[in-house]
Amino acid sequence: MPNKIRFSETQKFRQWWLWFILAGTKGIMGFLIVTQAMYGRPFGDSEWENIGLLIGFFFLLILSMLFFFLRLETKISEEGVFVRFYPIQLKFRQYKWEDIDQVYLREYSPITEYGGWGIRYSFGGSGKALNVSGKTGLQLVFKDGKKLLIGTKKQEDLVQILSVLGK
């Protein structure tokens, strides 16, 4: 980890529509499970369909917990850019300034360029993206031609720190 952090940002999945979909789906499945258990009305024709309902409910529960704990962490220092998507990436990934050809802020379309949010890859030449929400990101273009976009909600702070660092 770098000695002196000049910029730090942590973003989490807090979109209302995501939580609405997860809660609604779990609510429906929970209702079906309770109806089965308390009133003896089976959901499906076979025992496997009932087990599938339980497995689906627990899968959605684990998925909800994953989205709750997921966070995109970005740190910038004189050494470079450090980023991780915790808990998928346990250690920060360092991108050294000497390996970066260009760095700038840009507007992007998460759906059309990358197919959504999270750890995404573009088929249209935009490279890799790490994003949680919004449509503004820190674009890194490496000397080998590869690209990485890191989503941000702190555009003004990033512009200021990049200016201070001479980037």
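The largest pocket of this predicted model holds about 160 Å³ of space. Which residues line the largest pocket? They are Arg 93, Gln 94, Tyr 95, Lys 96, Asp 99, Lys 128, Phe 142, Asp 144, Lys 146, Lys 147 and Leu 148. Two elements, strand E4 (93–96) and strand E9 (147–151), each give two or more residues to this lining. The most comes from E4, with four residues. Sorted by class, the lining has seven charged residues, three nonpolar and one polar.

Let me now turn to the sheet. Strand E9 also belongs to an open sheet of five strands, in the order E5-E8-E9-E7-E6, with mixed pairing. Which strands are the edge strands? They are strand E5 (100–107) and strand E6 (118–121), and each of them pairs on one side only. On average, and with direction ignored, neighbouring strands of this sheet are turned by 15° against each other.

For E9 and strand E8 (residues 136–142), the sense is antiparallel, and the pairing runs over five bridges. Within this part of the model, Val 141 stands opposite Lys 147 in E9. Lys 147 is also one of the residues that line the largest pocket.

Finally, I come to a helix. Helix H4 (residues 155–164) lies across E5 and E8. What is the angle at which H4 runs to E5? The angle is about 155°.

Conventions: Residues are numbered from 1 along each chain as its sequence is written. This is a predicted model: local features need pLDDT of at least 70, side-chain atom pairs count only at pLDDT 80 or more; totals for chains, interfaces and linings use all residues. Side-chain values use heavy atoms; hydrogens and water are left out. On a 1 Å grid over the protein atoms alone, a cavity is a set of points where a 1.4 Å probe fits but cannot get out, and a pocket is an open set with protein on both sides within 12 Å along at least five of seven lines; lining residues have an atom within 4 Å of a point. Grid points are joined across faces, edges and corners, and a volume is the space filled by probe spheres set on the points. Ala, Val, Leu, Ile, Met, Phe, Trp, Tyr, Cys and Pro count as nonpolar, Asp, Glu, Lys and Arg as charged, and the others, Gly among them, as polar. Two strands pair if DSSP finds at least two bridges between them. Axes are lines fitted to C-alpha atoms, for helices over the stretch in contact, and angles run from 0 to 180 degrees between N-to-C directions. Contact means heavy atoms within 4.5 Å.
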